[in-house]
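Work through the exercises below with the sequence and the model at hand. Each task is followed by a solution in steps.

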Amino acid sequence: MRNILSAIGGIISLIVLVSVEIGLSYILPFPYSKINLIFAVLIIWMLWRKSGMVVWISFFANFIVELFAASPFGLIVFSGTISMLLGYWFFQNIFTNRSWFAAIVLTIITIFLYRLIYAFGLLILFWGNAIRVVPWKMMMSTLLWEELFTVLLVGMIYVLLTRYSRQFRSEVIEAQRFKI
Amino acid sequence: MPSKSRTFISIAILVFLIIGIHYLGWLSGIENFFRRVVAPASGALYNFGVNINGTEEKFSSVDDLKKAYQEAMDAVLNNQVEQTKLKLVEQENDELRMQLNFQKKMQIKSVGSEVIGKNIDPLGNTLIINRGLDDGIKIDDPVVVRDGIVVGKIVKTEQKMSIVRLINDNQSKIAATVMNSDKSMGLVEGGYGISVQMTYIPQNETVNIGDLIVTSGLEEKVPRGLLIGKVEMVEKEAYQPFQNAVVTPSANLEKIRLVSVLLME
């Protein structure tokens, strides 16, 4: 029973997250509309729970986003999931200390990888004649604004969490690391 | 093979597998469920976004600005909640009447539809509408607003939802004619911000600022005579075989709420 309830809760949260992401892109004016709420929430979640579940959440969230996109199906799902997987690898092996610095760098790297894989996918589609042009200028401007505003959002959420939650306080992180 | 690489490869394969299953159509049930759940929220948020972001206007002269200011002052004096509501209903009614008159005149079957969203990826300028395959919509069907102003073409269609590629999208191309004495032919292309460009206009033909641009009917699914916009600027280089015209679309592509899809057999 508990498992069913948590699964339903998970699906509802996912739908709410995607709806808010879509809503922000409609409501906020450019360039603020380029903020990537899904990545911001998932990176904070990854630092908070230290769980590889973020890769699957990223997959399902991007799957729903893809249903409302004009791009050929698979482009957003593939780039979103693989970049989150690589982001998780960076978190487990390189930026492991869950500091504000790690949060910021992980956000920059994950979004960069997301757009890099996305651009690579576009190139393949272009070579396969599935699309007529690759909008490099638009891609670059999206990447820059997305990085800037998502990093700011992650930074703000991180500051709020360190203030109101024990999980991100340095003494707790140190204690968890050295099993004090 | 290390376990981390194995995990990476298995996840990548799984994602590919799911993408493949999508193209086989086996996921349509799940996809339609998510579309049906998210679409109402998307529609409401899109309309809210149009309301709060659609207040900016561009003026070409000081007189226009003064006129608009006077109108705004008048509107403020009469600004009562009931009147605003009534105005909105009237506008919607006018729009629907215009679309209905246009459809009768053209004698082409069409489907009225509401816009429930717009593009969320950086690939281009698109709209999401709440009609799809169930209503007879097919890929490449032209999409119009008001009394026949073309705003784009259908690029993707699902059971109850379609995606419209707007004329200012960087992948959009529509065969068009200038309403000048030569009836110059060309191609209206997007990818230039809010305006569009008409390319491949023969160098020896005269195009003037203010000339109207309509669809030429040379495309299989786009009827002749749908209004696209007005020439704002002509770019003519002596050494080039063709001249270009910068065209301002007749419809405000940022504020579209209702459209008609022309069902071309």
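**Exercise 1.** Find how many residues lie between strand 4 and strand 5 of chain B in their hairpin, and describe the pairing of strand 5 of chain B.

Step 1. Four residues separate strand 4 of chain B from strand 5 of chain B in the hairpin. Strands (E, at least two residues) and helices (H or I, at least four) are DSSP runs, numbered from the N terminus. The model is predicted: local features need pLDDT of at least 70, side-chain atom pairs count only at pLDDT 80 or more, and totals for chains, interfaces and linings use all residues. Residues are numbered from 1 along each chain as its sequence is written, while chains are lettered from A and ligands numbered from 1 in the order in which they are written.

Step 2. Strands 4 and 5 of chain B run antiparallel and are joined by five bridges; pairing requires that DSSP finds at least two bridges. B:S162 in strand 5 is the bridge partner of B:T157.

Step 3. Strand 5 of chain B also pairs with strand 2 of chain B, in the antiparallel sense, over four bridges. Here B:I163 is the bridge partner of B:I128.

**Exercise 2.** State which residues of strand 5 of chain B point one way and which the other.

Step 1. B:S162, B:V164 and B:L166 point one way, B:I163 and B:R165 the other.

Step 2. Five of the five residues of the strand are buried. Buried means 20 or more other C-beta atoms within 10 Å of the residue's own, exposed 12 or fewer, and partly exposed in between, with C-beta atoms placed from the backbone.

**Exercise 3.** Describe the side of chain B that touches chain A.

Step 1. Contact (C-beta atoms, placed from the backbone, within 7 Å) links 35 residues of chain B with 33 residues of chain A.

Step 2. Elements giving two or more residues to this side of chain B include helix 1 (3-24), strand 4 (149-157) and strand 5 (162-166). Helix 2 of chain B gives the largest share, 13 residues.

**Exercise 4.** Why does A:I57 count as buried?

Step 1. A:I57 sits in helix 3 (residues 53-66) of chain A, a chain with seven helices and zero strands.

Step 2. A:I57 counts as buried because it has 21 C-beta neighbours inside 10 Å.

Step 3. Not counting residues up to four places away in sequence, A:I57 touches A:L14 and A:L42.

How values were computed:
Contact = placed C-beta atoms within 7 Å.
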